[in-house]
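My entries follow the structure below.

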Amino acid sequence: MMDSSNVENASARCKARKASLLDSTRKRQLLQQTPDQLVTSIADSGYREEIDIYSTRFEGAELIEVALAHNLSKDVAEVTNFCQGNLRKQVGVYTARFAYQNAKTVLRAVQNNVDAETVEKSILPVENKLNSKWIEIVRENDSLRSAVESMAGMPWHRSLVNMSVDSTLQEIEDQLDRHYYSNALSAVKNPDPASKILSRFLKMEIDQRNIMNVLRANRENLPSESRANMFLPGGRLFSGNQLRTASNITDNDSLIDLIRRNSKMDVNSFEDSLKESEEAKTLDPSISWIDHYRHEQLRKLSFLHPLSVLPIIYYIASKVEEVQELRMMVRGLSAGLSREVIEAHMNI
């Protein structure tokens, strides 16, 4: 059967959208503004429609928060809808992660006794009809187990229900990650070039997630059994028996040695971020480095494979990054953080 994918058209449309995103110079300019000034500037940067929707109910940082969340959801839906055939299925493999992220959001809200009204004012605004089911889960449940059970019909439901009733929030989130990447890799296991390209990217992501899991386990001094349950199968850096090896890595030097032997990652630069994390006593510098490195690798892959799903994914990832950084600006400035600290966490 002939594939009706519209790769050239979709790539061109995403390239045009990518050109409209904020560049580094504009981000630095915004960072010099006050939180109140940012509302107007962000509206003028492509978010006016959503800011107008919420301006009667919110103001300041809360207004920006809900407007950005709504805009991102709408944008992802629009991009998905103008993709056709196998291309649309491949885009769906990537964008499915947003549903998994929403599941984590509502589980965290339930675990921390955050009421539905508070959730509506932040990441899952009620004005976006796609959020109704998520808000209902928060409203109707008061325990992790009941919230999991209320997700019947969602792809990960059986996987979570089969976990121990005593599973922690972190264990459930780790299982959501495993389920997402397992499903994603299964969806692109066909031998055609398009599937191979997307599979390569997903495996790269898995490797980077596992590196972050090693860092997290070392920071929290977790026992070997807990470490083993954190890792995602399917990557290249940690695969098969190496997953057990990864659970025994208890220091950064051993991690660096493993990466140097088995990866083309910029080890020296990553090692610098680890030293910065050790000095600051936080994983933020290393996690930011990995996030920026992944984005740069996706950019390169999208240029190497212009007639594939990767330029579309690259645009979506860039849009997500813009939304996250604008949110970071507003939150950080409202909380009194220095502009230098905020900028250090941005890809500029």
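This is a predicted model: local features need pLDDT of at least 70, side-chain atom pairs count only at pLDDT 80 or more; totals for chains, interfaces and linings use all residues.

Residues are numbered from 1 along each chain as its sequence is written, and side-chain values use heavy atoms, with hydrogens and water left out.

**α5 and α11.** I looked up helix α5 (residues 85-111) and helix α11 (residues 193-220); their axes come within 10 Å and cross at roughly 20°. Helices here are DSSP runs of H or I, at least four residues, numbered from the N terminus. Axes are lines fitted to C-alpha atoms over the stretch in contact, and angles run from 0 to 180 degrees between N-to-C directions. α5 and α11 are therefore roughly parallel (under 35 degrees; over 145 is roughly antiparallel, 65 to 115 roughly perpendicular, the rest oblique). Q90, V93, Y94 and R97 of α5 meet residues of α11 including L198, F201 and E205 (contact: heavy atoms within 4.5 Å). I list six nonpolar, two polar and two charged residues in the contact of α5 with α11. Nonpolar is Ala, Val, Leu, Ile, Met, Phe, Trp, Tyr, Cys and Pro; charged is Asp, Glu, Lys and Arg; the others, Gly among them, are polar.

**α11 and α16.** The axes of α11 and α16 lie 11 Å apart at an angle of about 170°, which makes α11 roughly antiparallel to α16. Among the residues in this contact are F201, M204 and E205 of α11 and I290, Y293 and Q297 of α16. The contact of α11 with α16 has 10 nonpolar, three polar and three charged residues.

**Pocket.** I then checked the second largest pocket, lined by 17 residues, with M204, R236, S263, K264 and Q297 nearest its centre. Two or more lining residues come from each of α11 and α16 (284-304), and α11 gives the most, with six. The lining divides into seven nonpolar, four polar and six charged residues.

**α3 and α4.** Last, I looked up helix α3 (residues 35-54) and helix α4 (residues 60-81), which pack at about 75° with axes 8 Å apart. That makes α3 roughly perpendicular to α4. This contact has 12 nonpolar, four polar and three charged residues.

Definitions and conventions. On a 1 Å grid over the protein atoms alone, a cavity is a set of points where a 1.4 Å probe fits but cannot get out, and a pocket is an open set with protein on both sides within 12 Å along at least five of seven lines; lining residues have an atom within 4 Å of a point.
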